[in-house]
Amino acid sequence: MSFQFSLKKLLEMKENARVSAEEEYSRSVTKFEEKATHLYHLLKRKEEAEAFYGEKMKHGMPIHELQTAESSLMLLHQDVMKAKVSADHARVLMNSKKNEMQYAFIEYKKYERIREHKRREYEYGLKKEEEKIMDEISIQKYAAR
């Protein structure tokens, strides 16, 4: 007779929940990295544009170019703000998924420990039963003399 864990289905459910939570967390990390990278590139582009227009202003530039530069910087600023909000939202979601993953892992480990405890009890019971049988055999051999 082999060891049968009575909560096997529940353990499998917890394991599936853990795996699912890990996958969701992984996807949220990827999404956050994409949003953060996009924000980084926008900020870099804005910084380069500001430096470029700042250099041009030192040497003088016509009013219409200045207006174009200002509107272009304003659009970049708006894009940066949208990307920042999006990255912040992705970060919050990622942290939420991380917490869910940790909770699922803890729940899984609880049932894993219960299973190991039950297995040790089962093995201990087998060992005791084996010792009892060995004692009976010894007694019978001794009595047969």
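1. The charged end of Arg18 sits over the ring of Tyr108, 4.6 Å from its centre, where such a placement requires NZ of Lys or CZ of Arg within 6 Å of the ring centre and within 35 degrees of the ring normal. Arg18 belongs to helix H1, and it counts as buried at 14% relative accessibility; buried means under 20% relative accessible area, exposed over 50% and partly exposed in between, with a 1.4 Å probe and protein chains only. Leaving aside neighbours within four places in sequence, Arg18 is in contact with Ala104, Phe105 and Tyr108, contact being heavy atoms within 4.5 Å.

2. This is a predicted model, in which local features need pLDDT of at least 70 and side-chain atom pairs count only at pLDDT 80 or more, whereas totals for chains, interfaces and linings use all residues. Residues are numbered from 1 along each chain as its sequence is written, and side-chain values use heavy atoms, with hydrogens and water left out.

3. Arg18 also forms a salt bridge with Glu15, the closest N and O atoms being 3.7 Å apart; the criterion is a side-chain nitrogen of Lys or Arg within 4 Å of a carboxyl oxygen of Asp or Glu. The two residues are 3 apart in helix H1, so about one helical turn separates them, and Glu15 is partly exposed, with a relative accessible area of 31%.

4. Helix H1 covers residues 8-59, and its 52 residues should span 76 Å at 1.5 Å a residue, which agrees with the 76 Å between its end C-alpha atoms. The expected span is 1.5 Å times one less than the number of residues, and helices are DSSP runs (H or I, at least four residues) numbered from the N terminus. After H1 comes Gly60, whose phi is positive, near 95°.

5. Which residues of H1 are buried? They include Leu11, Arg18, Phe32, Leu39, Leu42 and Tyr53, and what covers the buried residues of this helix includes helix H2 (63-144). Ala17, likewise found in H1, is partly exposed at 38% relative accessible area; its C-alpha atom and that of Met101, 84 residues apart along the chain, are separated by 8.6 Å.

6. The largest nonpolar core has 11 residues in all, among them Leu39, Leu42, Tyr53, Met61, Leu73 and Val80. Such a core is a set of buried Ala, Val, Leu, Ile, Met, Phe, Trp, Tyr and Cys residues joined through side-chain atoms within 4.5 Å. H1 and H2 each supply at least two residues of this core, and H2 gives the most, with 6 residues. Another core, of 6 residues, lies apart from it, and includes Phe3, Tyr108, Tyr111 and Tyr122.

7. The structure holds 12 salt bridges. In one of them, the side chains of Glu107 and Lys110 meet at 3.0 Å, N to O, these residues being 3 apart in helix H2 and about one helical turn from each other. Glu107 counts as buried at 12% relative accessibility, whereas Lys110 is partly exposed, with a relative accessible area of 42%. Salt bridges that share partners join Lys14, Glu107 and Lys110 into one network.
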